[in-house]
Amino acid sequence: MYSLIVLHGIFLACAYSGGSNLNSIPRKIIQYEDDHVIMFKEEGVWNYSTMLIREDLGLLVLGAREAIYALDINDISVAKSKVPWKVTEEKQKECTSKGKHPDIDCRNYVRMLHQMNDSLMYVCGTNAFSPTCDYITYSDGQLKLEGKQEDGRGKCPFDPFQRSSSVMVDQDLYSATTLNFLGSEPVILRLSPFPLRTVFKSSWLNEPNFVYMDVVQESEDSPEGDDDKVYMFFSENAVEYDFYNKLVVSRVARVCKGDMGGQRTLQRKWTSFLKTRLDCSVPEPSLPYIIQDVFHVRHKKWRKSVFYAVFTSQSSSTDRSSAVCAYNVTDISEVFSRGKFKTEVTVEMSDVKWVMYNGELPVPRPGACINNAAKSAGIMRSLDLPDKTLQFIRDHPLMDDAVRPITGKPLLLKRGALLTRLVVDDVTAPDGQSYPVMFIGTENGCVQKAVNYDGEMHIIEEVKLFQNAAPIDVLRLHQNQLYAGSASGVVQMPVSSCSRYFSCVDCVLARDPYCAWDVTVQRCSRVPTSPEKSKGHLIQSLKDGDATRCPSTAPVEPKIQTLVLGNNIRLLCHPDSNLAQVTWNFAGKPLPYSNRKYTISNEGILIYNASTTDAGRYTCMSVERVKGRDYTQTLAIYDLCEQSAAVGTDKIKTTLGILFESYTTSSGLHKPEEPPSYSKNLSSERKWIVMQVVLAVLSVMMACLLIWNLYMGHISPFMCCGRQSIKSPRNLPEREYMHTGNDYVDGKQQMARPCVTTNSGLEVTSFHRNITNGDTPTDIFILKNITEESEI
Ligand SMILES: *[C@@H]1O[C@H](CO)[C@@H](O)[C@H](O)[C@H]1NC(C)=O
Ligand SMILES: *[C@@H]1O[C@H](CO)[C@@H](O)[C@H](O)[C@H]1NC(C)=O
Ligand SMILES: *[C@@H]1O[C@H](CO)[C@@H](O)[C@H](O)[C@H]1NC(C)=O
Ligand SMILES: *[C@@H]1O[C@H](CO)[C@@H](O)[C@H](O)[C@H]1NC(C)=O
């Protein structure tokens, strides 16, 4: 009970105030389209999970299941070479006989790729639960496996579903994985003339899940003569908290590059292995979040380098939340070099607790690299370290202080699909400042592009990269291109697509560091790499989201739309941003949202069972609130003009017929009721009808003529009559363009669907590709069809 309270004190009360929005909504959602990404996959090959960028060769070397590819880095759909790396039948049998699945487990999953020197790469695969490594060369456009078949134990996991991590530092391989078939013997080792490994003790590693490691050149510019360090990130079962259940915590650990192990104590073991807890506390009470991936943003001065890490909630079955935290390398280094240690004490007979160690530390400080002070005391190598220091480190690898994130809180919090991987690009904007742009992969095949502006989380866009909802397993960033791998394939995408923003306000409110509104060409453009050149004519406001400098736009042309009594009428209006609120005015007053007559969604409104009283002017406006300023834009104006649905003339009959025919065929589900005025009116007030008919025919013909003329003269769009069904460009479902239809669209559901598979976003982006100014795009299509109609 006591420990539970302690735990509460540590995690559950770690809430901070402010920034309480636990659900960042992407401003734009870009649905999957195969033309906004470059894709590579080969039939029958899966699990594209390992990547190595070879800038010198212009290659993306890609490891998949039983194959390695050399792809053109500029266009990954071009495979320059492939080398298969299959398991032997014998190995597969052996693996199957141990109870593993022949097709899932007993294959060779390439899990490690490193560059050795200009001509040689090192590759490891799981090889049917028998990890194996080999060398690869690339020459004359051909990848070649050397066939050396080295033992891969300790470099690559046995189990393809187990995470592992490795880094090559000066030809020495550092790797973190498990050493045995069962995956129960974790190890962090270095393969070099002085091979070293961790002690097999739960206080060192306790069922860890390794996610990342990298080297930091801390010897540079070090007055103490410090050594370079290799940092590793993982999650593991906590030893320091006893909880009713296993409690997983996130860790950062490090070793010194110059470590050579101890002489008697810690022989061939790390003498500099220290670890501590990584804190990424979310505002809501919860168990600690678990680290999933890390990205190292290197700076020329290592003290300014930052590790970005993505975390997911521990109880992800009930709470699907993720967070991104950033850590200052200096802060991490400080905890290890100056922080307190934790020590084990026995309380109440046999219960063991980890508490802060307050006793005296042996000299040299346990875990410290061999620095100037140690050398001046005659300790030139770790082999010379006194037993006292070594014994202490063997028993106390855990630090007392946790590493807190920069600014003390997450940079991003997100509910919904879990975040899996991340990369970060430091972008220098025209204001001269640099902004880290995070690209974060999700478990359902999307990438979130996010920035944190002075504590304010902002997801610029969510892009669906894969048609299926497979998790993103690997992300790489290289020269403004993002590479993402999943079980089903690899995609390449530019880091920005500024042309997605059509208006200045949209471009500026996107707050995308790569994009700015170029006043001279009236386009949202990629910011040039030398920002000084373009200062004058670019509008960008990242921190403030201030679009007031945007030139005013031409007023929206009203569009005339026919009101057919008794029909359901759809008026389209799609806001540029998911963060905008859409409001509709009818005859100058706000539309009564509570009225069941209307369904209001992100696509527009649907007016049920139109009657005479529904005729009038409808105005669709979006209001986007950024930093306390409201940006109101009129997106569309419709003049709904009544047209009596009378009979007596073939012309009208035909028009109506086509209208309803297209309605039935396109919706396919609902057969419309006969328009109420159709037969009733015919029998009763005949004279009145005849007059109405004559009037209607006249107006219809006039309108059609007008439209035809307008269209031929390429003047602004109008519509009043004629067939509303259109030929869909690509795969757009027709019903979206119909002004009749019974399908119910739920407004809330449409607001911010986190990467769901639906067509609506696709439709939107597709129309947008076809327009150049602020007009509602649909009308372009409708207009075309009206012309076709009147030509018949
Ligand atoms: C690369 O390394 C291998 C093995 O260490 C060595 O045999 C080869 O000569 C090296 N090649 C170059 C170009 O340095
Ligand atoms: C990290 O901390 C160091 C020392 O406090 C500081 O100089 C550096 O600017 C910090 N880096 C970042 C990215 O905050
Ligand atoms: C490999 O890909 C298959 C097919 O998509 C997937 O079901 C499986 O989970 C993947 N395996 C690993 C180890 O990622
Ligand atoms: C449509 O409205 C008319 C009156 O405006 C009403 O008589 C009729 O019942 C309504 N139809 C439906 C299906 O609600």
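Two strands are said to pair here if DSSP finds at least two bridges between them, and strands themselves are DSSP runs (E, at least two residues) that are numbered from the N terminus. In this sense strand β27 (residues 434-442) and β28 run antiparallel and are joined by four bridges, and within that pairing the bridge partner of Met438 is Ala450 in β28. The structure is a predicted model, in which local features need pLDDT of at least 70 and side-chain atom pairs count only at pLDDT 80 or more, whereas totals for chains, interfaces and linings use all residues. Residues are numbered from 1 along each chain as its sequence is written, chains are lettered from A and ligands numbered from 1 in the order in which they are written, and side-chain values use heavy atoms, with hydrogens and water left out.

- Strand β28 (residues 446-453) is largely enclosed by the rest of the structure, because eight of its eight residues are buried, where buried means under 20% relative accessible area, exposed over 50% and partly exposed in between (1.4 Å probe, protein chains only).
- In a regular strand the side chains alternate between the two faces of the sheet.
- Both faces of β28 are covered, with Cys446, Gln448, Ala450 and Asn452 buried on one side and Val447, Lys449, Val451 and Tyr453 buried on the other.
- The hairpin of β27 and β28 has three residues between the strands, and Gly445 in this turn has a positive phi of about 80°.
- β28 is also joined to strand β29 (residues 456-464) by eight bridges in an antiparallel arrangement, with Gln448 standing opposite Glu462 in β29.
- Two residues lie between β28 and β29 in their hairpin, where Asp454 takes a positive phi near 50°.

**The four-strand open sheet**

- Four strands in the order β2-β32-β31-β30 form an open sheet with antiparallel pairing.
- β2 (38-40) and β30 (472-478) stand at the edges, and each has a single partner strand, so one side of each is left without a neighbour in the sheet.
- From one strand to the next the twist averages 20°, with axes taken as lines fitted to C-alpha atoms and angles running from 0 to 180 degrees between N-to-C directions.
- Within this sheet, five bridges pair strand β31 (residues 481-486) with strand β32 (residues 490-494) in the antiparallel sense, and Gln481 stands opposite Pro494 in β32.

**Strand β43 and its partners**

- Strand β43 (residues 629-642) pairs in the parallel sense with strand β36 (residues 558-563) over six bridges, and Leu563 stands opposite Glu642 in β43.
- Strand β42 (residues 616-626) runs antiparallel to β43 and is joined to it by eleven bridges, with Cys620 opposite Ala636.
- The hairpin of β42 and β43 has two residues between the strands, and Lys627 in the turn has a positive phi of about 50°.

**Ligand surroundings**

- Ligand 1 is surrounded by Asn117, Ser119 and Leu120, a residue being near a molecule if one of its heavy atoms lies within 4 Å of it.
- A polar side-chain atom of Asn117 lies 2.2 Å from an oxygen atom of ligand 1, while a polar side-chain atom of Ser119 lies 3.5 Å from a nitrogen atom of ligand 1.
- Ligand 3 is surrounded by Trp46, Asn47, Pro160, Phe161 and Ala487, and a polar side-chain atom of Asn47 lies 2.5 Å from an oxygen atom of this ligand.

Notes:
Polar contact = N/O pair within 3.5 Å; in protein donor to acceptor, adjacent residues only side chain to side chain.
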